[in-house]
Amino acid sequence: MSETTTGASYAAAGVDIEAGDRAVELMKEWVKKTRRPEVLGGLGGFAGLFDASALKRYERPLLASATDGVGTKVDLARKMGVYDTIGRDLVGMVVDDLVVCGAEPLFMTDYICVGKVHPERVAAIVKGIAEGCVLAGCALVGGETAEHPGLLGEDDFDVAGAGTGVVEADRLLGADRIRTGDAVIAMASSGLHSNGYSLVRHVVFDRAGWSLEREVPEFGRTLGEELLEPTKIYSLDCLALTRTTDVHAFSHITGGGLAANLARVIPDGLHATVDRSTWTPGAVFDVIGTAGQVERLELEKTLNMGVGMMAVVPAESADAALTTLADRGVDAWVAGEITERADHSTGAALTGDYAS
């Protein structure tokens, strides 16, 4: 009597190739929506192709690249079972870093890591990424979905992405353009965006003991709905601003808060002063601060406090810049100015109290 044994297999190890193939099929329609004329081929190849001959119109094209993830905000998406918004957060984190130097985002690739491939779930994540790319005007040319059983739980996942953009060398934005007297323009955020969620989760879950289903009057919706509000994507708005206004610099307000990110584009010898009284942060910032008894300075160095992007322009161009942004539906205002730096000052600082 013989004994039959079954050898090891990829499926037995927890990797479902068929599910991965189905996920690719489901995501194709969304990726197609991001297509630009320069993109060659489609999904299924080993590399995404972008026709670089489109760059011939530049005198001296500079390629810009950026990569990022979404951080612990993905845990909230997992807990809520909402997967079609987190991709917009990913795109915003990448393309709005590119546009800071004046670069037009051209294309992105993504990386999705899961404990188990659920095709519809992966397709929903890619749907969000594709929608973000459409909002940013860039193509999604490829990506990777990796299944890591044993390292991640069945419902666990993470996302990351990389983007490439281009800017004409003599249009490169940055600290060397900024001058004394320039105006600092703030553009409103859509909420928390994708930074500081380790603090936020600690406050609402560990300290306050709230559930994601909790109705919060200040939000007019549940806690979970507020926390999953997608990151606003500014790239096309910023590019429009460069076409109508003499922009000197942009600053993407992400991890580290408003002052620290603005300081990154302020040259030695100059100082940016931002007046808190020019805006009222959204309710979510006050709720997080109150629920966790978080000091204002701690909030400000962790969260965006209602400002997702800043532009530095000549003072005489501020009105034109605000008109351009208003025409595009962007809530923006003059929030500060550039002055000479005192010996004791840092690159940027917030002054005054927030408007009530």
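Tutor: The largest cavity holds about 50 Å³ of space. A cavity here is a set of points, on a 1 Å grid over the protein atoms alone, where a 1.4 Å probe fits but cannot get out, whereas a pocket is an open set with protein on both sides within 12 Å along at least five of seven lines; a lining residue has an atom within 4 Å of a point. Grid points are joined across faces, edges and corners, and a volume is the space filled by probe spheres set on the points. This is a predicted model, in which local features need pLDDT of at least 70 and side-chain atom pairs count only at pLDDT 80 or more, while totals for chains, interfaces and linings use all residues. Residues are numbered from 1 along each chain as its sequence is written, and side-chain values use heavy atoms, with hydrogens and water left out.

Around the largest cavity you will find Val-114, Lys-116, Val-117, His-118, Arg-121, Val-122, Ile-125, Glu-154, Asp-155, Asp-156 and Phe-157. Their classes are 5 nonpolar, 1 polar and 5 charged. Ala, Val, Leu, Ile, Met, Phe, Trp, Tyr, Cys and Pro count as nonpolar, Asp, Glu, Lys and Arg as charged, and the others, Gly among them, as polar. Helix 4 (residues 119-136) is the top contributor to this lining, with 3 residues. Helices (H or I, at least four residues) and strands (E, at least two) are DSSP runs, numbered from the N terminus. Ala-124 also belongs to helix 4, and it counts as buried because its relative accessibility is 19%; buried means under 20% relative accessible area, exposed over 50%, and partly exposed in between, with a 1.4 Å probe and protein chains only.

In total there are 2 cavities of 30 Å³ or more.

Now for an open space. The second largest pocket has a volume of about 260 Å³. It is lined by 15 residues, of which Asp-97, His-252, Thr-254, Asn-261 and Arg-264 are the closest to its centre. At least two lining residues come from each of strand 3 (61-69), helix 3 (86-98) and strand 10 (249-252). The lining divides into 4 nonpolar, 8 polar and 3 charged residues.

Finally, the backbone. Most residues other than glycine have a negative phi. Gln-293, not a glycine, has a positive phi of about 50°, and it sits in the loop between helix 9 (283-292) and helix 10 (296-300). With 66% relative accessibility, Gln-293 counts as exposed. Met-305 likewise has a positive phi, near 55°, in the loop between helix 10 and strand 12 (307-313). Met-305, however, counts as buried, at 5% relative accessibility.

Helix 9 also meets helix 5 (residues 197-207): their axes come within 9 Å and cross at roughly 50°. Axes are lines fitted to C-alpha atoms, for helices over the stretch in contact, and angles run from 0 to 180 degrees between N-to-C directions. Helix 5 and helix 9 are therefore oblique to each other, as angles under 35 degrees count as roughly parallel, over 145 as roughly antiparallel, 65 to 115 as roughly perpendicular and the rest as oblique.
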